[in-house]
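Please walk through this protein with me, from its overall make-up down to single residues.

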Amino acid sequence: MNSAATHVSEREQELRRLRAELEETRKELDEILQELEDKPEFGLGVGSPRLYEWEMNLARRDMLLERIAMLEEAIRRLEEGQYGICEVCGKPIEPERLELFPETTLCATCARERSRRRH
Ligand SMILES: [Zn+2]
């Protein structure tokens, strides 16, 4: 009888977890952005470790931005009650899969289909 209540609390827990992860990721992004402000002189140091580090941070920033977008999307879907539903076939996504990839919008079958088509 209270299976609905259990469901809500699991969803609530997942939301909290995703929001915490989002906050962590944003903090990390802030740090990277600060480091990026300290831009090395390009003319001087092509191939220098300092420039290499700067470029690594740039790549890392893009990765974090992407991660933030995915987490925001996952949170939005969860709030709308669509979280854990495959956007392609509409079936529930495997819980083990959601644990590994909280931002996924595809079930294992559809994800496999998609990556097969890509290769
Ligand atoms: Zn699917």
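Start with exposure: a residue is buried if 20 or more other C-beta atoms lie within 10 Å of its own, exposed if 12 or fewer, and partly exposed in between, with C-beta atoms placed from the backbone. Glutamate 12 has 11 C-beta neighbours inside 10 Å, so it counts as exposed. This is a predicted model, in which local features need pLDDT of at least 70, side-chain atom pairs count only at pLDDT 80 or more, and totals for chains, interfaces and linings use all residues. Residues are numbered from 1 along each chain as its sequence is written.

Now the overall make-up. The protein has four helices and zero strands. Here helices (H or I, at least four residues) and strands (E, at least two) are DSSP runs, numbered from the N terminus. Along the sequence the pattern reads α-α-α-α. Of the 119 residues, 7% count as buried. Two residues are in contact if their C-beta atoms, placed from the backbone, lie within 7 Å. Among contacts with a separation of 6 or more, 51% come from residues 24 or more positions apart.

Next, helix α1, residues 3-37. Glutamate 12 lies in this helix. The C-alpha atom of glutamate 12 is separated by 8.8 Å from that of leucine 78, 66 residues apart along the chain. Arginine 11 is in helix α1 too. Arginine 11 counts as partly exposed, because it has 15 C-beta neighbours inside 10 Å. Which residues does arginine 11 contact, leaving aside its neighbours within four places in sequence? They are Leu78 and Tyr83.

Move on to helix α2. Its residues are 49-79, 31 in number, and at 1.5 Å a residue they should span 45 Å. The expected span is 1.5 Å times one less than the number of residues. The end C-alpha atoms are 44 Å apart, which agrees. Arginine 76 is found in α2. With 11 C-beta neighbours inside 10 Å, arginine 76 counts as exposed. Arginine 76 and leucine 15 are 61 residues apart in sequence, yet 9.4 Å apart in space, C-alpha to C-alpha. After α2 comes glycine 81, with a positive phi near 80 degrees.

Last, helix α3, residues 95-100, where proline 95 lies. Proline 95 is exposed, because 10 other C-beta atoms are within 10 Å. Proline 95 and cysteine 107 are twelve residues apart along the chain, and their C-alpha atoms are separated by 9.6 Å.
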